[in-house]
Amino acid sequence: MENLKPETRAGVLVEALPYLQEYNGKIVVVKYGGNAMINEDLKQAVIRDIVLLNLVGVKVVLVHGGGPEIGELLKKTGKESKFIKGLRYTDKETMEAVQMVLCGKLNKNLVTLLKNAGGKGVGISGMDGGLFEAVKLNDPDGTEYGYVGDIVKTNPQIVLDMLEKGYIPVVTCVAAGIDDTCNYNINADTAAEKLAIALKAKKLIMLTDVRGLLRDPSDESTLIKRLKVSEVPSLVREGIIKGGMIPKVNCCVECVRQGVERANIQDGRVPHSILIELLTNEGVGTMFS
Ligand SMILES: Nc1ncnc2c1ncn2[C@@H]1O[C@H](COP(=O)(O)OP(=O)(O)O)[C@@H](O)[C@H]1O
Ligand SMILES: CC(=O)N[C@@H](CCC(=O)OP(=O)(O)O)C(=O)O
């Protein structure tokens with residue numbers, strides 16, 4: 001924008017207005033995954049989109065993960081990451097690393113970037129204000145995940161209060177145990193899903209490191225642009241939706257079933273992908289409806 005003439009800049013905003021009106025006063029939850037936080041320039045582009053949307057009256061909530069960075073910290077301490085069905089096996093030491101990276105480092109880093117871009121971010125985790133209440137994840141097949149939690153209740157008032165006052169909530173995925181004194185590690189996609197549903201969000205945007213759901217995961221030209229929730233089970237059976245895509249797709253499906261108008265999986269590596277999705281008819285990524 002800086003390189004544009006003032007009249008061109010104004011023109012861009014006027015063109016965008018009809019699209020923005022649809023989202024005025026509405027809640028949009030953006031899930032920002034660690035794999036999409038590729039470099040500082042891209043992070044800044046994401047943050048600037050969020051600040052711009054906040055300025056024009058869209059209530060944006062940023063939910064973030066940081067899996068790769070947790071892995072790096074564990075590695076430095078001589079510990080290898082272990083994932084079972086897409087979830088990190090979390091012992092006591094791992095839980096400490098999770099909290100250090102998510103609550104201590106990345107959450108505050110995103111709040112700082114928001115501040116530098118002219119926004120007012122407030123960083124919290126699921127423990128703050130009783131946002132997420134969790135119990136130890138109990139897999140029916142008996143798999144042990146350690147301190148991985150299952151969110152059983154979401155109390156979104158703290159986030160609604162922040163939105164009401166014009167702040168941009170930055171939420172990370174650690175939750176307090178409902179029945180004991182320990183905290184739990186939650187997959188960030190799941191945290192975003194639960195929050196989007198509890199907030200009755202208009203839209204959930206999942207930023208990841210691929211264009212969206214691909215018919216052939218090795219070929220980015222095979223993007224599935226629109227998907228009906230009813231089409232998902234057959235894609236899982238065919239093995240098209242697999243690995244990290246399974247929880248992501250399940251979260252989108254659940255959101256749409258529970259009243260979120262639209263859920264999108266899209267490329268966090270593309271600058272301003274959030275704005276392109278909200279402000280154009282074409283959109284980007286895979287849209288669940
Ligand atoms: N059909 C598919 N289309 C796109 N990606 C897929 C598909 N099946 C599996 N994947 C994998 O899912 C990954 C995204 O999930 P994940 O790594 O958990 O993302 P994030 O860290 O953003 O939460 C992609 O990088 C890709 O390797
Ligand atoms: C239980 C579980 O797996 N928790 C995740 C939380 C972070 C996360 O989900 O980060 P991304 O969004 O970058 O993947 C983990 O420890 O990696």
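I sorted the shell around ligand 1 by class and got eight nonpolar, seven polar and four charged residues. For the classes, I counted Ala, Val, Leu, Ile, Met, Phe, Trp, Tyr, Cys and Pro as nonpolar, Asp, Glu, Lys and Arg as charged, and the others, Gly among them, as polar. There are 19 residues around ligand 1, and G33, N35, T208, L214 and G244 come nearest. A residue is near a molecule here if its C-beta atom, placed from the backbone, lies within 6 Å of it.

A note on sources: this is a predicted model, where local features need pLDDT of at least 70 and side-chain atom pairs count only at pLDDT 80 or more, while totals for chains, interfaces and linings use all residues. Residues are numbered from 1 along each chain as its sequence is written, and chains are lettered from A and ligands numbered from 1 in the order in which they are written.

Next I turned to ligand 2. I found 16 residues around ligand 2, with G33, G34, G65, G67 and A188 nearest. Its shell holds seven nonpolar, eight polar and one charged residue. I also noted that α3 (67–76) and β4 (87–88) each give that shell at least two residues.

Then I looked at the whole chain. I listed nine helices and 14 strands (DSSP runs numbered from the N terminus: H or I, at least four residues, for helices; E, at least two, for strands). I saw that 43% of the 289 residues count as buried, that is, with 20 or more other C-beta atoms within 10 Å of their own, C-beta atoms being placed from the backbone.

Key:
Buried ≥ 20, exposed ≤ 12 C-beta atoms within 10 Å, placed from the backbone.
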